[in-house]
Amino acid sequence: MSQQAGNDIPEDLTEKTGGSDKIPLFVERQTYRRRRLVDAARALPVLGILLWLLPLLWAVPETSTRASTGLIYVFAVWLGLPVIAGVLIHAMNRRAQPPHPEDET
Amino acid sequence: MTNLNALAAISILYVLFLFGVAFFAERASRRGRAKWLRAPIIYTLSLSIYCTAWTFYGAVGSAARNGFEYLTIYLGPSLVLIGWWWVLRKLVRIGRVQRITSIADLISSRYGKSNLLGVGVTLLAVIGTTPYIALQLQSVTLSVEVFHHATPGGVEEQSTAFWVAVGLAVFTVIFGTRNLDANERHHGVVMAIAVEAIVKLAALMAVGIFVVWGISGGVSETLARIDASELGQWEVNGGRWAGLMFLSAAAFLCLPRMFQVMVVENDNDQQLRMAAWAFPLYLMLMSLFIVPIAVVGLDVLPAGSNPDLFVLTVPLEYGQNALALLSFLGGFSSATSMVIVAAIALSTMVSNHIVMPIWLRLNENMVSVSGDVRHVVLLSRRLSIAGVLSLGYLYYSQSGGGAALSVIGLVAFTGVAQVLPAMLGGIFWRGATRIGALAGLTVGFVVWLYTLYLPSFGPGAIIPKSFFENGPFGIGWLHPEALFGISGIDPLLHAVIWSLSLNTVAFFVASLASFPSPLERLQGAQFVNIQQGTGGTRSWSHGAAEAEDLMVMAQRILGATDAQALFLREARRQGSETHLPAPTPEFLQILERELAGSVGAATAHAMVGQIVGGMSVSVEDLMAVADETAQMMEYSATLEAQSQELSRTAAQLRAANDKLTRLSVQKDAFLSQISHELRTPMTSIRAFSEILRDGDGITPEEQSKYASIIHDEAIRLTRLLDDLLDLSVLENGQVSLNLGDGLLCDVLDRAEAAALAYDDKRGLEIIRDASKEQVWLNTDTERLSQVFINLISNARKYCDAPQRVLEIRVTKGETLSVDFIDNGSGVATEAQDVIFEKFARVSDQKAGGAGLGLAISRQIVTRLGGAISYLPGEGGAAFRVVLPLDRALAAQ
């Protein structure tokens, strides 16, 4: 059970010394989650590029896209990406008890 | 219409308000109450200097002219911030740790503190930024012109631009050069910019809201209006859409002013974490109402109106003077904040990379002379600010403020983006070298100049018209807008693709081909591995530096108070009682970094170098690193050897232990065997002697019988003890051999006679070949015959054949073999390897001996240099005694 994140070496051993008996499992899970958050933060701009390059495909004028549709799409993505980024960063901050959790690359 | 005086008054009031904001922020920061000044939201808002007047006014114009392409200018930076984990996080950390003062400083510092690169980037930045400043001046002038119908290009227009430039210069000098240490951050300026960011967002959104709800009548009506307008179809040029997105992202990272607010003014990671999501939202809001304003402007304003000014003219058209004024202030804010930060960034670069090195060279021997040089640095910065703004103004007045300026935004973007390969390569790739960066920048710069910057003045202005017809001197593939004969691409895209790709290729190839200096490699490792810790570059050698000289120099740069505090702190840290710390490499490195925060890495390095003696990376340091590695390797090799030896020794010890255990077991077995052997005869002797003692009616026959039993047993005991003694002597090697010459047949004769002396009734026939026994031996014949006796008696005792025959066969070869073969059933296979052990007896029923005979025989033969073994497969029990022949001489 405690090995479920076994391939992740705990990045900060001081976390382990801090407290109750269920700590090891907790820490590994937390570390695991934090790394997945970083993965998400890394992937987000890629998603953004893909979504914002999508309008290029509309340029094929079979049925021309109306400007309002295009604008709504671009701005919807523009609202969505920062919100997701904000949620990710908030989650990172909440999980980041040790001073520099992002120190691993 | 607001008249010009009122407008001027409002502008001046607004500027005074900004002065006040900056002043209070500075004062709060000096009093140490600057915590709120470092709030992430302030940082986020300060990034808005990306949105200059060019975007404030120009975005609407761009939308009116080119449709939705304007979006890309904001989408690129949004992506950069959303992808903060990739680049910005690292860049910001490098900036903080290395105390980077500008983008030129970053490049110079990364590539071995090369001032040449610093100068190159500075020039590129100045060339790229000057037109941009001119553009801001133009936009302010144009917006003023909207309120007051002055003659375009007339004296008044020029004077507006002039006074705006002067005002900005004053503001920048006051708040931009208050601190020398760029890392002490311009809180006043940043705060003012943050306020301006709010003003311009509010202004643009106010106009947008007025347009959407006030004019069009709601969101759906606005959307319908957009669809019905000439922008009604979603049409984008695919290449430009992707290309501009990339270009704006690149420029966002490389623009000197963006670098200034994003990296230099950055204080902690938390600021970036907020900006990462909040700034894209800011950009989104900034561009949200652009299309509606453009559509309404196109709709309601007379044909031929300048779409760049729709933000002002649309409210004015509807008589909304207050809104127009707010919009004017928004545009004014955009322009001024950009100019201020750009001037600070450029002046830092010019002063640190051009003025200071020249000053240092001119005053080469004066570095350690007492006297504050801070005024030199400050003066050079102030003059640089004035210079940058004058350049901008000159550019504006010379270009006549025409349409040539409006295209300059993207041209400038492309220019500064040339730094991108060197920058990203520098922070992610340790193999990037100074030569590579120089090559890349040069190639990119030249291609940019030739394909975009110079042509942007129009054919014939600088580049002759003929170049655009047939290429330079008729060389078609060098056509400025169709390099390598690839034509038909949009000129901007063409320039972006060729300049950046050739730049990258040159950077990469030259990096691969060149070899970096030690300092470059140290810096490269530091920059690339910034996450793994902040150990400094150990770039100063011991010794030559004089602490006093350093003190004098530091006082001149940092000011007496700060310098003394720094030196005292370091002296205490070193445990010194005096005020001067020893000039250790660590101290020199700290000092250099402090100085770098004021005058840039290259200059600081050069200044310390002048005192220390210019040894940039001490050979000792490098050798120490190499030595350490070698020692580590040696040490680990030693460890490995030792561990191998240990495991060998352990194996030996284990074997020895096994042997000892076996010996102990053997000894126990031997003792119990011995006691048993001694006890059996003892028991009989005691029993019979008791009978004799207590016996009353014992007949004389019985008496003599018992006595003879006692006698026999005593003899047996004696023999056993003799044998034991013999064996012990032999085993301990204490036996002294009595060597002498003798014939083998004599020894055999004697042994035969002795062995058969106690012959029982059954008899033993011995077959010998006397001719082969004529062998002279140099040996202990007594001992040898003892062996033979033992072997013959064994045959007599144990041979179970009815007619017992023993054949003694002598073979002479390399050695002399004497085989004793009887015709009995032999020794069982499983017993063959134990018969030479002590007390090993094949069977109990014929308990003729103690089982020591063969053990003794083996010891004797071994002592004599030979061997005795059992020969299987000879039909009966067969023993072979092998004797060395070097002692055996032929009979004759």
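1. Which residues touch the most other members of the largest nonpolar core? They are I107(B), C254(B), I293(B) and V311(B), in a core of 219 residues. The biggest contribution to this core comes from helix α17 of chain B (residues 321–362), which gives 21 residues. Keep in mind while you look around that this is a predicted model.

2. Let's zoom in on V311(B). Setting aside neighbours within four places in sequence, V311(B) is in contact with F56(B), Y57(B), V60(B), L204(B), V207(B), I293(B), S327(B) and G331(B). I293(B) is also on the list of residues that touch the most other core members. Apart from the core of 219 residues there is another core, of 38 residues, and its members include F820(B), A877(B), A878(B) and F879(B).

3. Now for chain B as a whole. Chain B has 33 helices and 8 strands. Of its 892 residues, 47% count as buried. If you take the contacts in chain B with a separation of 6 or more, 80% of them are between residues 24 or more positions apart.

4. On one pairing, β5(B) runs antiparallel to β4(B) (residues 805–812) over 7 bridges, and a hairpin of 3 residues joins β4(B) to β5(B). On another, β5(B) and β7(B) (residues 878–883) are antiparallel and share 6 bridges.

5. In β5(B), S817(B) is the bridge partner of T811(B). In β7(B), the bridge partner of S817(B) is V882(B).

6. K113(B) sits in the loop between α7 (103–110) and α8 (115–147) of chain B. Most residues other than glycine have a negative phi. K113(B), though not a glycine, has a positive phi of about 50°. Is this lysine, K113(B), buried or exposed? K113(B) counts as buried because 28 C-beta neighbours lie inside 10 Å, and 20 or more are enough to count.

7. On to where the chains meet. Here 30 residues of chain B are in contact with 33 residues of chain A. On the chain B side, the elements giving two or more residues are α5 (70–82), α11 (219–228), α12 (238–254) and α14 (269–288). The largest share, 7 residues, is from α14(B). By type, this side of chain B divides into 22 nonpolar, 6 polar and 2 charged residues.

8. At 1.5 Å a residue, the 29 residues of α3(A) should span 42 Å, and the end C-alpha atoms are 42 Å apart, so the two agree. The buried residues of α3(A) include L71(A), V74(A), W78(A), L81(A) and I89(A).

9. Finally, a word on confidence in chain A. The average pLDDT of chain A is 69, and 58% of the residues score at least 70. Among the elements of chain A, α3(A) has the highest mean pLDDT (88), while α2(A) (residues 55–58) has the lowest (77). Residues 1–24 of chain A have a pLDDT below 50, and this stretch has 27 contacts in the model beyond near neighbours in sequence. Residues 98–105 of chain A also stay under 50, with 9 contacts beyond four places in sequence.

Methods: Residues numbered from 1 in each chain as written. Chains lettered and ligands numbered in written order. Predicted model: local features only at pLDDT ≥ 70, side-chain atom pairs only at ≥ 80, totals over all residues. Helix = DSSP H or I, 4+ residues; strand = E, 2+ residues; numbered from the N terminus. Expected span 1.5 Å × (residues − 1). Buried ≥ 20, exposed ≤ 12 C-beta atoms within 10 Å, placed from the backbone. Contact = placed C-beta atoms within 7 Å. Nonpolar A, V, L, I, M, F, W, Y, C, P; charged D, E, K, R; others polar. Pairing = 2+ DSSP bridges. Core = buried A, V, L, I, M, F, W, Y, C linked by C-beta atoms within 7 Å. pLDDT = per-residue confidence, 0-100.
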